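Please read it with the structure open beside you.

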Protein chains: 2
Amino acid sequence: MGVTRVFHVGLGPIGVAIARQIATRPGVRSIAAVDTDPLKGGRDLGELAGLEKRLGVSVRDNLSDAVRKARPDIAVVCTSSSLEGVMADLETLLAFRIPVVSTTEELAYPWRSHPRHARRLDTLARKARVPVLATGVNPGFVMDALPIMLTAACEHVDRITVLRVQDAGMRRLPFQHKVGVGLTPAAFARQVTAGSIRHIGFRQSMAMIADACGWRLDRVTDEVAPQLATETIHGEHLSVAPGHVCGIVQEAVGYRSGEPIVRLRLEAYLGAPETYDSIEIEGIPRLTMTLAGGLHGDIATASIVVNSIPHVLAAAPGLRTMRDLVLPSYFTGRRR
Amino acid sequence: MGVTRVFHVGLGPIGVAIARQIATRPGVRSIAAVDTDPLKGGRDLGELAGLEKRLGVSVRDNLSDAVRKARPDIAVVCTSSSLEGVMADLETLLAFRIPVVSTTEELAYPWRSHPRHARRLDTLARKARVPVLATGVNPGFVMDALPIMLTAACEHVDRITVLRVQDAGMRRLPFQHKVGVGLTPAAFARQVTAGSIRHIGFRQSMAMIADACGWRLDRVTDEVAPQLATETIHGEHLSVAPGHVCGIVQEAVGYRSGEPIVRLRLEAYLGAPETYDSIEIEGIPRLTMTLAGGLHGDIATASIVVNSIPHVLAAAPGLRTMRDLVLPSYFTGRRR
């Protein structure tokens, strides 16, 4: 098997993290990249990704031109959390019959939240005879695929609870902004209303779990609240006065026959006493899993995307999800 | 989709646990059963499984006759840990083009340990156009599929350690005998030599992990030692005098380029202070997963087998492993 030629679409923090990983992995090579940011255009991908070597890949701004010229084996799309926001690019890539792996949160399991878009992409991908997958740490792994995997050991499942607690102080500044660190409660509320403060993906994870278990949910809530500092917090990037926002608490609950059956909760704030992910399956048997230290969002998402590449290339054509693919796995070098 | 008609081959503790689960699940039904034990022949499967209702399935002793008459959708084979020991039954089932899911430990990943048998079964299954899978909690889940799944979140993996610690006092008497509870150290050593005390599956789990990660192992060790009681232990079924065996410590190590890269360790003894499973992935990032209380061997194995049924039926023909199948999952009722 030859080297898989990877085309990067979108070079934000995750996009360049993926490029950095690809530079160190055997069997994959970055061969082209596009980003709409004029400050990135014309720069070398290696330089932009903070690698010590140039990759000889100059960042372009026109997707069609770049894909026509590059003829990649797969495109990695990291431009937007919004499915609406990536449709045009996905349609272009599928017109060129390029398999896609993306970090677009709403694309991770769009069958319930965006059924029309999902059907359209599935049809286009089948016509193009290539697979499309979105994945990442969340959605795509820790709040859906991993709890689903654990339920396989159960004779009966009554309720699933996934909790992620993160000290936002360990994350980059844009992440801290994304969870509202330093805002007044009023400003936080406005940003929640505007949609700029909210983890995207709970509805997709919820639907993936429910469909895997064969549960019909009659209602899903997804609520965001601020975590307020009770004393002054001095972070590396930001400090927070008492009464101001130090982060986010977001919880989604899925109800079946009026009873809560899936609960997904994210607490990400400056000064969280401990960082961990936990999954609790209430059932027979009861399972309690903990990942000490949690899965680091950026590293894990970039890793899951890169590790998915061989599985996506081997997948059946159409819109795929982490439920349809074979067991996720790290890979290096020779495989059987 | 209609009801999946299940044929039981082998009605030991796991075989009947599977029958009990099938009796409670929508979408699956036990329609025939065989066991070579004359004490079981002619009895009703429901009665044998300890269910309160009869299932109208009389236990037969002749596999060929039973399968010819029953025409099942899938066979569940729980007769032996040994691949050699199930070959004849598997060949019969494949001659009738019946998909198979089995708990045979050596069949869970036989490509390295039994390549000739693996190729033969794969050929027969492809000819019959049906899939064959062996799975269970271990091998099949906690020491292979689950750590493999976790590595997907890693950019790099240096070493994988899986540790299962079990208080054998929580398990049934045959399990306690299997781990040597109550033996003298000399009797334990003889039974290890005779092969009757040893967890089977470490080599298969090791090979599954190595192949998933693309590692070539140059050496695999698999050693059994007794755990000795330091004081008198009074268990529910057995008691152990100081200096006698209260259980087993078994460890397998896989070496790559002379360095240990995978370590699988099982400690199962009366009076173990805590029961848990842990997975440690050393790499970028480092992951530490703990399942408090561990996965209960019998319940988890029966559950994983039953939960695999829809995935096996949807799998490509041939000899499959947990690496090839879509994401494992509990299921009930309606699915999409």
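**Notes on the two-chain model**

1. The contact between the two chains takes 52 residues from chain B and 52 residues from chain A, where contact means heavy atoms within 4.5 Å. Please keep in mind that this is a predicted model, in which local features need pLDDT of at least 70 and side-chain atom pairs count only at pLDDT 80 or more, while totals for chains, interfaces and linings use all residues. Residues are numbered from 1 along each chain as its sequence is written, chains are lettered from A and ligands numbered from 1 in the order in which they are written, and side-chain values use heavy atoms, with hydrogens and water left out.

2. On the area of this interface: chain B and chain A bury about 4700 Å² between them, 58% of it on carbon and sulfur atoms. Buried area here is the accessible area (1.4 Å probe) that two parts lose on being put together, summed over both. The side of chain B that touches chain A divides into 32 nonpolar, 10 polar and 10 charged residues. In this grouping Ala, Val, Leu, Ile, Met, Phe, Trp, Tyr, Cys and Pro are nonpolar, Asp, Glu, Lys and Arg are charged, and the others, Gly among them, are polar.

3. What is the count of salt bridges between chain B and chain A? It is zero, a salt bridge being a side-chain nitrogen of Lys or Arg within 4 Å of a carboxyl oxygen of Asp or Glu. The count of residue pairs in polar contact between chain B and chain A is 25, with both residues at pLDDT 80 or more. A polar contact is a pair of N or O atoms within 3.5 Å; within protein, one must be able to donate a hydrogen and the other to accept it, and residues adjacent in sequence count only if both atoms are side-chain atoms. Several elements of chain B each supply at least two residues of the side that touches chain A, among them helix 10 (202-213), strand 14 (287-292) and helix 11 (297-313). Helices (H or I, at least four residues) and strands (E, at least two) are DSSP runs, numbered from the N terminus.

4. Strand 13 (residues 287-292) of chain A and strand 14 of chain B run antiparallel and are joined by five bridges; two strands pair if DSSP finds at least two bridges between them. A:Thr290 has B:Thr290 in strand 14 of chain B as its bridge partner.

5. Within chain A, strand 1 (residues 4-9) and strand 2 run parallel, with six bridges between them. Strand 2 (residues 28-34) of chain A is mostly covered, as five of its seven residues are buried. Buried means under 20% relative accessible area, exposed over 50%, and partly exposed in between (1.4 Å probe, protein chains only).

6. In chain B, B:Val34 is found in strand 2 (residues 28-34). B:Val34 counts as buried because its relative accessible area is 5%. Leaving aside residues up to four places away in sequence, B:Val34 touches a set of residues including B:Phe7, B:Val9, B:Leu11, B:Val59 and B:Leu63.

7. Two cis peptide bonds deserve a look. One joins A:Asn138 and A:Pro139, with omega about 5°, and A:Pro139 lies in the loop between strand 5 (131-134) and helix 7 (145-151) of chain A. Another runs from B:Ile284 to B:Pro285, with omega near -10°; B:Pro285 lies in the loop between strand 13 (276-284) and strand 14 of chain B.

8. A:Arg71, with phi of about 50°, is found in the loop between helix 3 (63-70) and strand 3 (74-77) of chain A. B:Arg129 has phi of about 60°, lies in the loop between helix 6 (115-128) and strand 6 (131-134) of chain B, and is exposed at 67% relative accessibility.

9. Over all chains, the whole structure holds 32 salt bridges. In helix 6 of chain B, B:Asp122 and B:Arg126 lie four residues apart, about one turn of the helix, and their side chains meet in a salt bridge (2.9 Å, N to O). B:Asp122 is buried at 11% relative accessibility, whereas B:Arg126 is partly exposed at 47%. A network of salt bridges links A:Glu251, A:Arg263, A:Arg265 and A:Glu267.
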